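Q: I have a chain open here and would like to talk it through. Could you take me around it, beginning with the core?

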Amino acid sequence: SGLSINHAFMYGRPYCTLKNDYHGPEISYVKDNYNGLILDGDISADTRILRDLLLSSVDLERMSINAFNKGGILTASNWSRSIYEALK
C-alpha cells in the first residue's frame, strides 16, 4: 500500500486494502472502519462491506472526513518537524 495511503487521504478518500504482512509502514495510518477498511480476503464478506460503505452516504462521508483529517497531519513539514524534534 505504501504512499498510496497518503495520496488517498490527501484527497479525502478512505483507503481500502486487504490484511497482509507486506504493507509498508504507512498501513499504520489506516484505522479500520474509521478512515478506511482493512478487509479479510473473504470475497463475499468483503464485497458486502464495500457495498454497504458505498451505499451509505453517512458512513462514506464520515470515513472521508476522517481520512482527509489524517492526510492533513501527514505533510512534509510535519514530518520534517518530527525528525527535527527527535534529533534535538
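**The core and its surroundings**

A: This is a predicted model, and in it the largest nonpolar core is made up of seven residues, namely Ile5, Ala8, Phe9, Tyr15, Val30, Ala67 and Leu74. Helix H1, which covers residues 3–10, gives the most to this core, with three residues.

Q: ok, and what does Ile5 touch, apart from its neighbours within four places in sequence?

A: With those neighbours set aside, Ile5 is in contact with Tyr15, Glu26, Ile27, Tyr29 and Val30, and among these partners Tyr15 and Val30 are themselves listed in the core.

Q: Where does Asn6 sit, then? And is Asn6 buried or exposed?

A: Asn6 belongs to helix H1, and it counts as buried because its relative accessible area is 14%, which is under the 20% cut-off. Leaving aside neighbours within four places in sequence, the contacts of Asn6 are with Glu26, Tyr29 and Leu74, and of these Leu74 is a member of the largest nonpolar core.

Q: Switching to the loop between S1 and S2: what is the phi of Asn33?

A: Asn33, which is found in that loop, has a positive phi of about 65° although it is not a glycine. For context, most residues other than glycine have a negative phi.

Q: Is Asn33 buried or partly exposed?

A: Asn33 counts as partly exposed, because its relative accessibility is 45%. Tyr34 lies in the loop between S1 and S2 as well, and at 44% relative accessibility Tyr34 also counts as partly exposed.

Q: Which residues does Tyr34 contact beyond four places in sequence?

A: Tyr34 is in contact with Arg62, Met63 and Asn66. Tyr34 and Asn66 are 32 residues apart along the chain, and their C-alpha atoms are separated by 6.7 Å.

Q: New topic, H2: how many residues does it have, and what is its reach?

A: Helix H2 (residues 43–55) has 13 residues and reaches 18 Å from its first C-alpha to its last, which is close to the 18 Å expected at 1.5 Å a residue.

Q: What caps the N-terminal end of H2?

A: Asp42 is the cap there, with a side-chain oxygen that lies 3.1 Å from the backbone nitrogen of Ser44.

Q: Zooming out, how many helices and strands are in the chain?

A: The chain has four helices and two strands, and along the sequence they follow the pattern α-β-β-α-α-α. Along its principal axes, the C-alpha trace spans about 50 × 30 × 15 Å.

Notes:
Residues numbered from 1 in each chain as written. Predicted model: local features only at pLDDT ≥ 70, side-chain atom pairs only at ≥ 80, totals over all residues. Heavy atoms only, no water. Core = buried A, V, L, I, M, F, W, Y, C linked by side-chain atoms within 4.5 Å. Buried < 20%, exposed > 50% of the residue type's maximum accessible area, 1.4 Å probe, protein only. Contact = heavy atoms within 4.5 Å. Expected span 1.5 Å × (residues − 1). Polar contact = N/O pair within 3.5 Å; in protein donor to acceptor, adjacent residues only side chain to side chain.
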